Amino acid sequence: MNEQLLSVGIDMGTSTTQLVLSKLHIQNLASSFSVPRLVITDKEVVYRSDICFTPVLADNRIDAGQIQTFVQEQYRKAGIRKEEIQTGAVIITGETARKENANEVLLSLSGFAGDFVVATAGPDLESIIAAKGAGAHTYSKEHSTSIVNIDIGGGTSNLALFADGELLDTGCLDIGGRLIKVDRGTHEITYIAPKIKQLAERRGFQLALGQQATPADLEPIIGEMVKLLEESVGLRPPGDFYDTIVTNKGLKLDRTIPCISFSGGVADYIYQEAAGDVFQYGDIGILLGRAIAASSLTQRMTVALSAETIRATVVGAGSHTTEISGSTITYTEESFPIKNIPILKLAAADESGSDEVLARAIADKLNWFKLNNDLQRVAIALEGKKSPSFQEVQKYAQGLYKGMSELLEREYPLIVIVHHDMAKVLGQTLYALLGYKKDVVCIDSVQVDNGDYIDIGKPIAEGKVLPVVIKTLVFN
Amino acid sequence: MNEKDLKSMIESILNEMVGNKAEQETVAAKPAQTEATEAPVVQAKAPNVGGLVQASMPVEEQADDGECLDDITEIDLRKLLLVPDPEDREGYMKMKEKTPARLGVWRAGPRYKTITSLRFRADHAAAQDAVFSYVSEEFVKEMNLVPIATMCRDKDEYITRPDLGRQFSKETIESIKQHTTKQAKVQIMVGDGLSSAAIEANLRDIVPAIAQGLKMYGFEVGNILFVKHCRVPSMDVIGDVTEADVVCLLVGERPGLVTAESMSAYIAYKPTVGMPEARRTVISNIHSGGTPAVEAGAHIAELIKTMIDRKASGIDLKL
């Protein structure tokens with residue numbers, strides 16, 4: 001059995017918007033003499049769109065109409081219909097995520113792009129998706145090492161640290177190529193981002209709107225930006241401005257990181273020399289790239305070549321967001337996709353006690369998901385147990401059943417996500433407890449955490465597995 | 001032949017055997033003495049050969065106070081790397097994670113280390129025990145199974161006569177008829193097969209999981225048979241006798257050195273004596289390190305439902 005999923009990735013970034021189409025190959029790797037084990041065996045990008053500037057209206061809102069036209073046009077160029085898209089993700093990143101209508105545009109576009117194209121946002125997710133698109137996780141696995149990928153775009157630098165293929169940490173800094181904009185013809189400075197202005201003032205650099213800029217004039221402030229990047233990966237101790245430049249959080253830096261890779265628009269000018277005018281894009285991207293190439297970031301760390309640079313995030317969104325559930329699962333509900341369900345992950349202590357303890361923990365924590373005393377849809381996630389006994393499965397089911405009583409009053413199905421391979425039996429047990437009246441979706445082999453959201457698509461591979469996207473939805 | 005002749009003959013033979021080397025070292029003439037001088041050297045070296053030899057020596061000198069040695073089969077082989085000072089320990093461990101094969105066992109001279117050969121023998125013994133032991137009668141009672149047996153009289157006959165392991169006596173067939181429902185949708189049976197240990201390890205968890213799953217689809221699990229000295233094709237006889245739509249046999253797999261507790265489920269739609277083997281569907285590798293028994297049970301229930309719906313099994317059933 002070899003099945004393919006057509007996946008779309010759309011990235012609406014600070015400066016550019018782009019789209020890719022990927023094919024995900026799914027295969028059953030188990031022999032015919034054991035339970036099925038379906039996995040995504042290959043991911044290939046089959047279409048790359050043009051790169052367009054993210055359209056912004058006069059009132060600084062995103063021009064949703066123009067983005068939809070762009071998506072339509074790309075689908076036409078690629079020769080596919082919207083109905084053929086089976087999965088995918090729209091990610092809204094950097095400055096664009098902070099626009100007033102970001103949420104609205106994101107949700108409408110994800111619906112417009114395809115039936116199971118999910119909406120995602122958030123600096124941590126952005127870092128992970130970009131790093132995966134750049135191939136950092138594969139590099140760390142193949143070379144048995146740890147690597148940090150810095151995705152340097154127009155507005156932010158997103159860091160993701162991987163060791164042996166596993167994600168360890170993420171971080172985000174307000175450093176990017178378009179934080180200072182320069183007129184292409186006159187070389188006059190037309191825009192300085194607030195944090196950069198603050199940094200220049202603190203250091204006593206001359207930097208003002210309307211000022212004619214030469215590369216030499218900009219060298220000190222770009223030098224400061226590079227220093228902050230060096231601080232972010234532990235090459236120098238954090239300085240006085242580090243905490244200010246951090247968007248939400250930096251890396252923990254409790255270990256030395258031997259390797260580094262770069263993605264994002266600026267990465268092209270780190271890996272290779274630019275031809276022509278340094279202000280050809282009307283920003284400092286090329287100068288920033290050059291400064292990074294000459295810094296200790298490349299001299300003291302092993303530089304890995306990225307699989308993608310400016311397209312890393314969009315390729316990540318297209319190829320690396322969709323996962324498939326374990327192959328022995330339970331679902332009695334058929335109305336997929338189920339979208340944007342927040343996750344309640346239980347603590348280890350909640351699971352180690354009796355079913356009563358589990359039930360109380362769930363009931364308590366469900367209160368976190370109440371808005372104006374109204375309970376939202378929630379998926380309950382737990383760790384489960386490796387090779388549990390039937391008794392233990394009963395305990396889990398009883399605990400879930402009692403703890404979720406408030407959720408049971410809603411019309412939508414009970415959604416349970418368990419890490420260890422036990423979802424089929426747990427789902428069947430729950431369904432029995434519910435008197436076969438309430439629908440159950442119980443999946444395993446998916447790792448989630450509090451703060452995540454899950455989207456579940458239509459069953460694939462003769463109904464054996466469900467495609468899922470684990471994501472965040474954070475707008476600033 | 002007098003003593004003198006005998007002595008000179010032995011000397012010449014020794015001389016030939018040891019050859020020129022002996023002449024150079026002048027040891028051949030006094031073999032007894034050589035042994036005496038070399039022996040202490042060997043002894044002094046021995047403790048250095050492997051850490052384990054050294055460690056176990058003081059234990060031997062202690063008086064027996066009823067203590068047991070540690071059970072070496074408790075050691076997780078995937079986490080045991082005996083290579084001293086490896087170039088890339090992490091890489092080695094990662095390789096070991098992916099296979100139950102005994103990698104990185106190192107050596108003492110050209111041989112296995114003591115711990116490696118002991119563990120090999122221990123695992124082999126567990127495998128043999130699994131084949132030659134019986135599922136206890138208490139266990140059969142506890143699980144509420146109906147005990148029957150094939151024509152084999154003992155384990156030796158079971159091993160040597162596969163044909164008898166798939167036949168039942170007339171009396172036994174009568175007993176099967178009495179204890180089962182005729183033309184049931186599902187008939188479940190359990191067989192010791194080649195590992196009684198597998199049955200005792202997995203049955204408690206898999207049977208209720210199958211029963212629960214089948215109930216969800218509206219099928220009842222009736223009495224479950226337990227077949228002593230059971231070969232897989234014995235399920236075909238059960239199929240003919242009970243006329244059940246689907247027969248599911250849970251049977252102990254031939255044990256290996258990785259686990260002796262692996263169980264398989266052989267499931268067939270209307271099995272009958274003489275049918276092609278290709279009509280059986282198999283779910284193998286059910287044990288705590290493979291597919292968990294509970295999850296396998298839930299999967300088997302669904303599989304049985306599919307077989308009943310599509311009236312097929314084995315390669316006739318496209319999954």
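## Model and conventions

This is a predicted model, in which local features need pLDDT of at least 70 and side-chain atom pairs count only at pLDDT 80 or more, while totals for chains, interfaces and linings use all residues. Residues are numbered from 1 along each chain as its sequence is written, chains are lettered from A and ligands numbered from 1 in the order in which they are written, and side-chain values use heavy atoms, with hydrogens and water left out.

Most residues other than glycine have a negative phi, and most peptide bonds are trans. The bond between A:Phe336 and A:Pro337 is cis, with omega about 0 degrees. A:Pro337 sits in the loop between strands E15 (330-331) and E16 (338-345) of chain A. Helices (H or I, at least four residues) and strands (E, at least two) are DSSP runs, numbered from the N terminus.

A:Asp164 is not a glycine, yet its phi is positive, about 50 degrees. Its loop links strand E8 (157-163) to strand E9 (166-173) of chain A. A:Asp164 is partly exposed because its relative accessibility is 26%. Buried means under 20% relative accessible area, exposed over 50%, and partly exposed in between (1.4 Å probe, protein chains only). A:Tyr436 also has a positive phi, about 60 degrees. This tyrosine lies in the loop between helix H16 (423-433) and strand E21 (440-444) of chain A. A:Tyr436 is partly exposed at 30%.

## A buried serine

A:Ser263 belongs to strand E12 (residues 259-263) of chain A. A:Ser263 counts as buried because its relative accessible area is 0%. Its side chain makes a polar contact of 3.1 Å with that of A:Asn149. A polar contact is a pair of N or O atoms within 3.5 Å; within protein, one must be able to donate a hydrogen and the other to accept it, and residues adjacent in sequence count only if both atoms are side-chain atoms.

Beyond neighbours within four places in sequence, the residues in contact with A:Ser263 include A:Ala130, A:Asp151, A:Ser306 and A:Glu308. Contact means heavy atoms within 4.5 Å.

## The interface of chains A and B

Chain B brings 24 residues to the contact and chain A brings 27. The buried area is about 2,100 Å², with 55% from carbon and sulfur atoms. Buried area is the accessible area (1.4 Å probe) that two parts lose on being put together, summed over both. B:Gln212, B:Met216 and B:Glu295 supply 30% of the area that chain B buries against chain A, more than any other three residues.

Two salt bridges cross between the chains. In one of them, B:Lys94 pairs with A:Asp164 at 3.2 Å, N to O. The term requires a side-chain nitrogen of Lys or Arg within 4 Å of a carboxyl oxygen of Asp or Glu. The interface also has 13 residue pairs in polar contact, both at pLDDT 80 or more. On the side of chain B that touches chain A, helix H4 (89-97) and helix H9 (196-216) are among the elements giving two or more residues. H9(B) gives the most, with eight residues.

## The annotated site in chain B

An unreviewed UniProt entry annotates B:Val232 and B:Glu253 as "binding site". They span 22 residues in sequence, yet no two of their C-alpha atoms are more than 10.3 Å apart, so they gather at one spot. UniProt positions are given in the numbering used here, feature names are shortened, and annotations may be inferred rather than shown by experiment.

B:Val232 is buried at 18% relative accessibility. B:Glu253 lies in the loop between strand E4 (246-252) and strand E5 (263-269) of chain B.
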